[in-house]
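Visitor: Could you take me through this model term by term, setting each value against the definition behind it?
Guide: Gladly; let us look at it together.

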Amino acid sequence: MANRPSVPEIITVNSEALQSQIRELLPSQDGFGSELQASNIITPIIDLTAAAEGSGLSGNLQQAQSFGSQTAYNINNTTTTLANAPGFWQIQGNMYVGAGGTISVNITDGAATKLLYRYVIGSGVDDQNIPISYVIWLAAGESINITANTAAVAYGSYRQIADSQGSLVQPSGYPL
């Protein structure tokens, strides 16, 4: 058996999917112009993803509630639009539904409405308190609303956590 020393190799990777992911994860490198390359050399990695994305926070911290970011809602016997701007929205709270109560969470584009969640309590059934937590994507022209009848109340808060381009929206007051 011949002893062949390992020779480092570098090859060009032609993948629009990978290049698109690099542009998305590293916006500061958009338009850098170099082709992606792969190597057979083992290289230690330091994860700078959060800094490259423009966020020094991990995902769960970036989605933290804050006084200036949250918009409270308290919905009873009406339909209320929570959010109508494109992007990712975090909605959390509780739905209290009494006997004969109905509550629903819907997405609409103005022409059609799609039901995300509905809870109905018949008469003679004990009242229910249901916690909710959603992350919703809204495209341009779409909105999310909650409808509650007189025997139901939805209450909680919501905030935008990323814009329509996927750029994270930091909690209000967080230093950039």
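**Core, arginine and serine**

Guide: The largest nonpolar core has 23 residues, and those with the most contacts inside it are Y73, L82, I91, I103, I144 and I146. Two or more residues each come from β3 (71–83), β4 (87–97), β5 (102–108), β7 (128–138) and β8 (143–162), with β8 giving the most, 6 residues. This is a predicted model, in which local features need pLDDT of at least 70 and side-chain atom pairs count only at pLDDT 80 or more, while totals for chains, interfaces and linings use all residues. Residues are numbered from 1 along each chain as its sequence is written, and side-chain values use heavy atoms, with hydrogens and water left out.

Visitor: What makes a set of residues a nonpolar core?
Guide: The term is given to buried Ala, Val, Leu, Ile, Met, Phe, Trp, Tyr and Cys residues joined through side-chain atoms within 4.5 Å, where buried means under 20% relative accessible area, exposed over 50% and partly exposed in between, with a 1.4 Å probe and protein chains only. In soluble globular proteins, nonpolar side chains tend to be buried together.

Visitor: Which residues does L82 contact, leaving aside its neighbours within four places in sequence?
Guide: L82 is in contact (heavy atoms within 4.5 Å) with Y73, I75, I91, I144, N145, I146 and Y158.

Visitor: Why is R159 said to have no salt bridge?
Guide: A salt bridge needs a side-chain nitrogen of Lys or Arg within 4 Å of a carboxyl oxygen of Asp or Glu, and for R159, which is buried, the nearest side chain of opposite charge, D163, is 12 Å away, so R159 has none. Lys and Arg count as positive and Asp and Glu as negative, with His and the chain ends not counted.

Visitor: What does the side chain of R159 reach at 3.3 Å?
Guide: From strand β8, the side chain of R159 reaches the backbone oxygen of V169. Among the residues that R159 contacts beyond four places in sequence are Q62, F88, W89, V169 and P171.

Visitor: Why is S164 called partly exposed?
Guide: S164, in the segment after β8, has 36% relative accessibility, and therefore counts as partly exposed.

Visitor: How many residues separate S164 from G87 in sequence?
Guide: They are 77 residues apart in sequence, yet 3.9 Å apart in space, C-alpha to C-alpha. Not counting residues up to four places away, S164 touches P86, G87 and W137.

Notes. Helix = DSSP H or I, 4+ residues; strand = E, 2+ residues; numbered from the N terminus. Polar contact = N/O pair within 3.5 Å; in protein donor to acceptor, adjacent residues only side chain to side chain.
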